[in-house]
Structure formats: C-alpha cells, structure tokens
Amino acid sequence: MIVLQKNRYFCGMDAQKYGFLDTPLNFPQFDFKLEETEGKISIFDSLRKKNLILTPEEWVRQHMIAYLIHYHGYPKNLIALEKGLKYNQLQKRSDILVLDREGGAFLLIECKAPEVKLSQKTVQQVAVYNQAIQAPFVGISNGLQHVFLAFDRAGKSYDQLSQIPRFEV
C-alpha cells in the first residue's frame, strides 16, 4: 500500500504521469488506499469495492464521492458511478449520479482532471447528459473548482447554486 504524504515520491514511477497527486485539491483531506502494481497506481473505490487505475479524473471523482458521503450526508447506497446513458444514438457514461429515496435522479456530477478548466463547454456536457437523466441538480468539478446548478424544468434553464444541493434524509 502507498501512503500519500506531502512531497510524495513514488520509487521508479514517472513523476509526470502522477504529478496531479501533488496538486492540492479543494476538498478536505481524505485517506485513500493506493497500491502500486507494475508501475501503475490504483485507488480502492469504496463504493464498487475494487481497485481502479488512478487517473487525474478518478482522483477528483474519489474525492467528490468522499466529500458527498462524509461532509454532506449523502447515502453510499444511493450513489451510482459511471452509469450508462444514451444521447443522440451515442453511448455515454456519467461520472456520479446520486439517486433520491424513490430511485429517481437527484444530482448528476461530471468530474474533470485538475488541469481541465471549467467552462461553458464543461457545463454544456453535463447539461447534455442531463437531458437523458433529468436530475433536478447537476454539478461539475475539476477538484479545484466545483459548480452546482439547479435545473429549472419550466424554463429549461440552469441557475447556479451557492453551495452543494442538500440531500434530505
């Protein structure tokens, strides 16, 4: 197991490939189980109960999941990851979909690598996915910035929220 610390060093690893681990994300500190196998790092996904290859986007996704659960009380069993959806005959996958207590969509989140700037294009991506999912709330995060929006079905528009949507228990 690899323990992450400030000024990390991974023996024999490509520093550029895992340089994103040195970028402090805009999340509280979380302890993740990381393993190195054959020069690749994997991260244990507590929801899917398996190790996944660590990419910059996966790093952000795992932080967002931990944040939703530990700081906002989102139930683990209502979080779906990489859920398939169809848009314009294309198969796509959403990053994080939180369901409400009745099993309907509540919050759709797209995660980007820290070097990807959040822009109108990234907002548009989650809005396009939400055409199929119809969640009342959407979010995007690159780990440095987080944007959450409420979907106004009547006006078919999005309004930016000042904070993450509250999950009613």
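1. Let's start with a pocket. Phe30, Asp31, Phe32, Lys33, Phe44, Ser46, Gln62, Ile65, Ala66, Ile69, His70 and Lys76 line the second largest pocket. Keep in mind that this is a predicted model. The space in this pocket comes to about 190 Å³.

2. Which element gives the most to that lining? Helix 1, residues 56-72, does, with five residues. Sorted by class, the lining holds six nonpolar residues, along with three polar and three charged ones.

3. Now step back to the whole chain. How many helices and strands does the protein have? There are two helices and eleven strands. Reading from the N terminus, the order is β-β-β-α-β-β-β-β-β-α-β-β-β.

4. The protein has 169 residues, and 43% of them are buried. Its accessible surface is about 9900 Å², with 47% of that belonging to carbon and sulfur atoms. As for contacts between residues at least 6 apart in sequence, 50% join residues at least 24 apart.

5. Next, have a look at strands 10 and 11. Strand 10 (residues 146-152) and strand 11 (residues 157-160) run antiparallel, and four bridges join them. Where does Leu149 find its bridge partner in strand 11? At Gln160.

6. Most residues other than glycine have a negative phi. Glu38 is not a glycine, yet its phi is positive, at about 50 degrees. You'll find Glu38 in the loop between strand 1 (34-37) and strand 2 (40-45). Is Glu38 buried or exposed? Its relative accessibility is 80%, so Glu38 counts as exposed.

7. Lys49 lies in the loop that runs between strand 2 and strand 3 (50-53). Lys49 counts as exposed because its relative accessibility is 59%, and the cut-off for exposed is over 50%.

Definitions and conventions: Residues are numbered from 1 along each chain as its sequence is written. This is a predicted model: local features need pLDDT of at least 70, side-chain atom pairs count only at pLDDT 80 or more; totals for chains, interfaces and linings use all residues. Side-chain values use heavy atoms; hydrogens and water are left out. Two strands pair if DSSP finds at least two bridges between them. On a 1 Å grid over the protein atoms alone, a cavity is a set of points where a 1.4 Å probe fits but cannot get out, and a pocket is an open set with protein on both sides within 12 Å along at least five of seven lines; lining residues have an atom within 4 Å of a point. Grid points are joined across faces, edges and corners, and a volume is the space filled by probe spheres set on the points. Ala, Val, Leu, Ile, Met, Phe, Trp, Tyr, Cys and Pro count as nonpolar, Asp, Glu, Lys and Arg as charged, and the others, Gly among them, as polar. Buried means under 20% relative accessible area, exposed over 50%, partly exposed in between (1.4 Å probe, protein chains only). Contact means heavy atoms within 4.5 Å. Accessible areas come from the Shrake-Rupley method with a 1.4 Å probe; for residues, only the protein chains shown count as cover.
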